[in-house]
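Open the structure in your viewer and keep the sequence panel beside it. Each stop below says what to select and what is there.

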Amino acid sequence: MAVEGSRLASGRPSSTSRILRNTRRLVRTHAFRLAALYFLVFAASVLGVLLFVYWTSANFVERQTEATLDAEITGLAEQYAQRGLSGLIQIVAARSAGDRGDAMIYLVTDPDGKPLAGNIAAWPAGVPTHSAWLSFALERTINGRLELHPARGRLFIIPGGYRLLVGRDISDAAAFRGQVRATLLWAGLIAFAVGLIGGTVMSRNLLRRVEQVNRTSERVMAGNLSDRVPLRGTSDEFDQLAANLNRMLDQIERLMTAMREVTDDVAHDLRTPLSRLRTRLERALIEPYGADASAGSSQGEAIRAALAEADRLLATFNSLLSIAELESGARRDQTEPLDLSEVARSAAELYEPVAEEKGFVLAVAAEPGVKIRGDRHLLSQALANLLDNALKYAGSGEIEIRAINRNGRAVLEVADRGAGIPEADRETVLDRFVRLEASRTTPGNGLGLSLVRAIVRRHGGSVVLEDNRPGLRVRLEFTRLAT
Amino acid sequence: MKILVVEDDRETASYLTKGLSESGYTVDCASDGREGLFLATSSDYNALVLDRMLPSMDGLSMLGALRAAEIRTPALILSALGSVDDRVKGLRAGGDDYLVKPFAFSELLARLEALLRRGAGPATATRLRVGDLELDLLTRSVRRAGKAIEVLPREFRLLEYLMRNAGHVVTRTMLLEHVWDYHFDPQTNVIDVHISRLRQKIDKSFDRPLLHTVRGAGYCLRGPE
């Protein structure tokens, strides 16, 4: 229960880290980068369009204001030319009377700045008295409240120091501009979000299809040669890629099967004549049986040597056939719940005398309850092969057999203190007939580890070769049986 | 002693026949399952050597039919199929021993003789004796010439098996199967070292050795007759 509890407690950080890892993986993918680039270009163009719209609409309103002011000033200037200052004052006073609703501002001042007519009380504070176009803030009382309104104005200087100001309250235009700005901002945000979601979805879709191809290739590499990439039937590039890949896999599988069949057929076909050869040699040696008459003669020795050679060949064929049988899955399983510790102890008991004689120390570390479901005979054979190898190649020193539970897996391990296997060769030594240069001189057929791997795979486990510093550590990992 | 060999491969059949005849057995030969079944039911044999793969009726069906007819003749099954479950299946079908092809003739002979002896010896004996070597199955103790010999449990089982087959050759494979329950041959000569340890204990301080090596075949525990 304690173990369960701690696992549950640690569930949250581990899921966070998984999300982080997934995110990092997503960012690294080509699909994501494509999507990000697409999104950036998309966002930039949307932004450009929005800015242009904003700029033209704001500009249009401003130009319209200016055109109105221009027309008004021109009209008033004409009035002044016809009717003089008093006429102008009259017209301005007339136009200022009452709220016309068009937010026009009029003001005529004498050379001292004293207002003579108009609809604002005084010359607006801080506004220069000489430039043609003016922008200023206007104090206005609306519904009893004092408000500052932005305004735009045009100045007409009347000879004699009199000044005419025609302006317009542009708070409506400003409000309109603000509204356009807000609208555009929202439109931009929505476009941004849509682009981001679209990019992610697109990249994930792409990623999922690439991932399918990846997963399939991994499974094929792990030995499941009949696995294929699923097709969608859309005949797009991905489907074409998958179809090509599948055709390639078909071809590889055909070749592999053909090769395996050839090996198996050779083994089968050669085994029969070889066994006859063996029988004849043996009968030549033991006639009459038990008398051992030919033991001393050189002929007898020659026959014995030939017999031993035939036995080695037969052993090779038998190993090949066993591996083929295990790998093809033709064999029916004789599995039962068993304890790897017992397998380890029993093998150690069998090998202890011979190890001691060869100058090794055989140590067993077996913890109780290393339970798996498996075939005891096959597992014993795998372990015996590993021990044979250690005795053959490690020279001397300690050989340790361990049966332990590690990281939720049941582990059977053989570690020696020999020269070990260089990292580059660790994968290949598991293949059939592979023998390392250093071991060419010792008897053997290069099938021992292949048989071990075939047996372990048959049990759904895995073989790991590690550096024992110094020496070789072969670890067989299995799914642990719940107790 | 009469042996029936049921084997369809002419070459193997003729060698078996020849080899067994030379070892002092009377041999009949059948080349398919039906003929084998007919011979085995109509005449008395001491043992059967039976190939698994036979034309017209395979070895296991033939054996099944024999056992159904209450014929308990010990049967040694020969097979090209070597895996353990095939062996188990063969033994379940009524076989008494199982030998994978190709085999050494000495191996076949040793096993066949062990089968022939099986009915003869008193299986319920509590004490085995070979020469002056004595093994007590109840107290699990070993004595030679009255002197107690300390043996490990596995050495006891090894010695027991050798004594039950005293005077006959037992092969390394037979020892691996019966003493260790290992049904394959390790590349290392594990058995030889076990035997030499046992020999140290039971033979070393005595004049006449009991445990002999039979070259090219196996071992034999033999008393001085």
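On the other side of α1(B), which residues are exposed? They are B:R10 and B:S21. Before going on, note that this is a predicted model.

**Stop 1: helix α1 of chain B**

Select residues 10-22 of chain B, which form helix α1. The helix has 13 residues, and at 1.5 Å a residue they should span 18 Å. The C-alpha atoms at its ends are 18 Å apart, which agrees. Now colour B:T12, B:Y15, B:L16, B:G19 and B:L20, the buried residues of α1(B). Turn the view until you look down the axis of α1(B): these buried residues fall within an arc of 120°, so they line one face of the helix. B:R10 and B:S21, the exposed pair, are on the other side. Just after α1(B), stop at B:G24, where phi is positive, about 100°.

**Stop 2: helix α3 of chain B**

Select residues 59-68 of chain B for helix α3. Which residues of this helix are buried? They are B:G59, B:L60, B:M62, B:L63 and B:L66. Seen down the axis of α3(B), the buried residues keep within an arc of 160°, so they line one face of the helix. Just after α3(B) comes B:E70, with a positive phi of about 60°.

**Stop 3**

Go to B:T173, in helix α7 (residues 172-179) of chain B. Is B:T173 buried or exposed? B:T173 has 21 other C-beta atoms within 10 Å, and 20 or more make a residue buried, so B:T173 is buried. Leaving aside neighbours within four places in sequence, B:T173 is in contact with B:E107 and B:D185. Select B:A217 as well: B:T173 and B:A217 are 44 residues apart in sequence, and their C-alpha atoms are 10.0 Å apart in space.

**Stop 4**

Most residues other than glycine have a negative phi.

- Select B:D181, in the loop between α7 and α8 (190-202) of chain B. B:D181 is not a glycine, yet its phi is positive, about 60°. With 11 other C-beta atoms within 10 Å, B:D181 is exposed.
- Select B:A145, in the loop between β8 (141-144) and β9 (147-149) of chain B. Phi of B:A145 is positive too, near 50°. B:A145 has 12 C-beta neighbours inside 10 Å and counts as exposed, since the limit for an exposed residue is 12 or fewer.

**Stop 5: a hairpin in chain A**

Move to chain A and select strands β4 (residues 145-158) and β5 (residues 162-169). In what sense do these strands pair? The pairing is antiparallel, over 8 bridges. To see the two strands side by side, select A:L155, which stands opposite A:L165 in β5(A). The hairpin has 3 residues between the strands, and A:G160 in this hairpin takes a positive phi near 100°.

**Stop 6: an open sheet in chain A**

Show the strands β7, β9, β10, β12 and β11 of chain A; in that order they form an open sheet of 5 strands with mixed pairing. The edge strands are β7 (360-366) and β11, each pairing on one side only. From one strand to the next, the twist averages 15°. β11(A) and β12(A) pair in the antiparallel sense over 6 bridges, and A:V464 stands opposite A:R475 in β12(A).

Next, select A:P470, in the loop between β11 (462-467) and β12 (472-479) of chain A. Most peptide bonds are trans. The bond joining A:R469 and A:P470 is cis, with omega about -10°.

**Stop 7: where the chains touch**

Finally, show both chains. How many residues does the contact take from each chain? There are 36 from chain A and 31 from chain B. On the side of chain A that touches chain B, the elements giving two or more residues are α5 (237-285), α6 (298-328), α7 (340-357) and α8 (376-393). The largest share, 9 residues, comes from α5(A). Coloured by type, this side of chain A divides into 13 nonpolar, 8 polar and 15 charged residues.

Definitions and conventions:
Residues are numbered from 1 along each chain as its sequence is written. Chains are lettered from A and ligands numbered from 1 in the order in which they are written. This is a predicted model: local features need pLDDT of at least 70, side-chain atom pairs count only at pLDDT 80 or more; totals for chains, interfaces and linings use all residues. Helices (H or I, at least four residues) and strands (E, at least two) are DSSP runs, numbered from the N terminus. The arc is that of the directions from the helix axis to the C-beta atoms. Two residues are in contact if their C-beta atoms, placed from the backbone, lie within 7 Å. Ala, Val, Leu, Ile, Met, Phe, Trp, Tyr, Cys and Pro count as nonpolar, Asp, Glu, Lys and Arg as charged, and the others, Gly among them, as polar. The expected span of a helix is 1.5 Å times one less than its number of residues. Two strands pair if DSSP finds at least two bridges between them. Axes are lines fitted to C-alpha atoms, for helices over the stretch in contact, and angles run from 0 to 180 degrees between N-to-C directions.
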